Amino acid sequence: MKNKSIGFIGGGRITSIFLHGFEMAKVSFSEIVVYDPDKNVLENLQTRIPEAICESKNIELAAKCDIVILAVHPPIIIETVNSIKSFLKTDSIILSLAPKINIQKIREILGGFTNIARAIPSATGIIQQGIHPVAFAEEMNDNKTSR
C-alpha cells in the first residue's frame, strides 16, 4: 500500500479507528488525506496522526486518492457521493461505511462506477478483535478499471 494514497471523507471516530488499525498493522500509504468540515474534528485527528493531510474546505483532495473511504453518517451519504463523483479517478476504490445505502445505489449515483465496496465496522476494531463484514461490487476485480 506504500504506493497508494487513501482519502477519508469524514474524520470522526471510525476514521480514527481505521488509521489506528493501519498504524498497528504497520500499513503505510503514500498519502493520507482526511476531509471533514468540522475543524475541531480535524485538529483532534491531526494531533494523533500528524502525517495526515487534514482539510476542512476542499473535499477534492480526499476524493482524488486511490482509495476513498466514505465515513459519513447515512443521512448525508448520497449528498457526499454526489459531491465527489467528478473528482474520482477511474481506477479508484470506493469503500462506503454507511449502512442502508447499498452498492447499487452508490453505483447509480456515480454513473456506473464499479470499484465499490461496503463494510460495516464495529467497535471491536479499536482492540483489533471481532469481524467487519465486507461486500464488493460484482464487477470489481484487480484486472480492470471502473469507468
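**Close-up views of a predicted model**

**View A. In strand 2, Ile 6 has Ile 32 as its bridge partner.** The model is predicted: local features require pLDDT of at least 70 and side-chain atom pairs pLDDT 80 or more, while totals for chains, interfaces and linings use all residues. Residues are numbered from 1 along each chain as its sequence is written, and side-chain values use heavy atoms, without hydrogens or water. Strand 1 (5-9) and strand 2 (31-35) run parallel and are joined by five bridges (strands pair if DSSP finds at least two bridges between them). Helices (H or I, at least four residues) and strands (E, at least two) are DSSP runs numbered from the N terminus. Together with helix 1, strands 1 and 2 form a right-handed β-α-β unit (with the strands pointing away from the viewer, the path from the first strand over the helix to the second runs clockwise). Of the five residues of strand 2, four are buried (under 20% relative accessible area with a 1.4 Å probe, protein chains only; over 50% is exposed, and in between is partly exposed).

**View C. Ring pairs link Phe 8, Phe 18, Phe 22 and Phe 29 into a cluster.** The whole structure contains three aromatic pairs (rings of Phe, Tyr and Trp, the last by its six-membered ring, with centres within 6.5 Å; planes under 30 degrees apart are stacked, over 60 edge-to-face, the rest tilted). The ring centres of Phe 18 and Phe 22 are 6.1 Å apart and their planes stand at 70°, so this pair is edge-to-face. Both residues belong to helix 1 (residues 13-24), where four residues, about one turn of the helix, separate them. For Phe 22 and Phe 29 the centres are 5.0 Å apart and the planes again stand at 70°, so this pair is also edge-to-face. Phe 29 counts as buried because its relative accessibility is 13%.

**View D. Helix 4 (residues 77-84) has Ile 77, Thr 80, Val 81 and Ile 84 buried.** Viewed down the helix axis, the buried residues fall within an arc of 100°, so they line one face of helix 4 (the arc is taken from the directions from the axis to the C-beta atoms). An α-helix has 3.6 residues a turn, so residues three or four places apart point the same way. The cover over the buried residues of helix 4 includes strand 1, helix 3 (60-63), strand 4 (67-70), strand 5 (93-96) and helix 5 (103-109). Ser 83, also in helix 4, counts as partly exposed because its relative accessibility is 32%. The C-alpha atoms of Ser 83 and Ala 63 lie 9.2 Å apart, and the two residues are 20 apart in sequence.

**View E. The largest nonpolar core has 24 residues** (a set of buried Ala, Val, Leu, Ile, Met, Phe, Trp, Tyr and Cys joined through side-chain atoms within 4.5 Å). Ile 9, Leu 70, Ile 84, Ile 94 and Leu 110 have the most contacts inside this core, and the elements giving two or more residues to this core are strand 2, helix 3, strand 4, helix 4 and helix 5. Another core, of 18 residues, lies apart from it and has Phe 18, Phe 29, Ala 52 and Ile 69 among its members. Leaving aside neighbours within four places in sequence, Ile 84 is in contact with Ile 9, Ile 59, Ala 63, Val 68 and Leu 70 (contact means heavy atoms within 4.5 Å). Across the 147 residues of the protein, 42% count as buried.

**View F. Ile 94 has Ile 116 as its bridge partner in strand 6.** Strands 5 and 6 run parallel, joined by three bridges, and with helix 5 they make a right-handed β-α-β unit. From strand 6 (residues 116-119), Ile 116 and Arg 118 point one way and Ala 117 and Ala 119 the other way, and all are buried. Phe 136, in strand 7 (residues 134-136), counts as exposed because its relative accessibility is 54%. Not counting residues up to four places away in sequence, Phe 136 touches Ile 103, Ile 116 and Ala 117. Its C-alpha atom is separated by 4.3 Å from that of Ala 117, 19 residues away along the chain.
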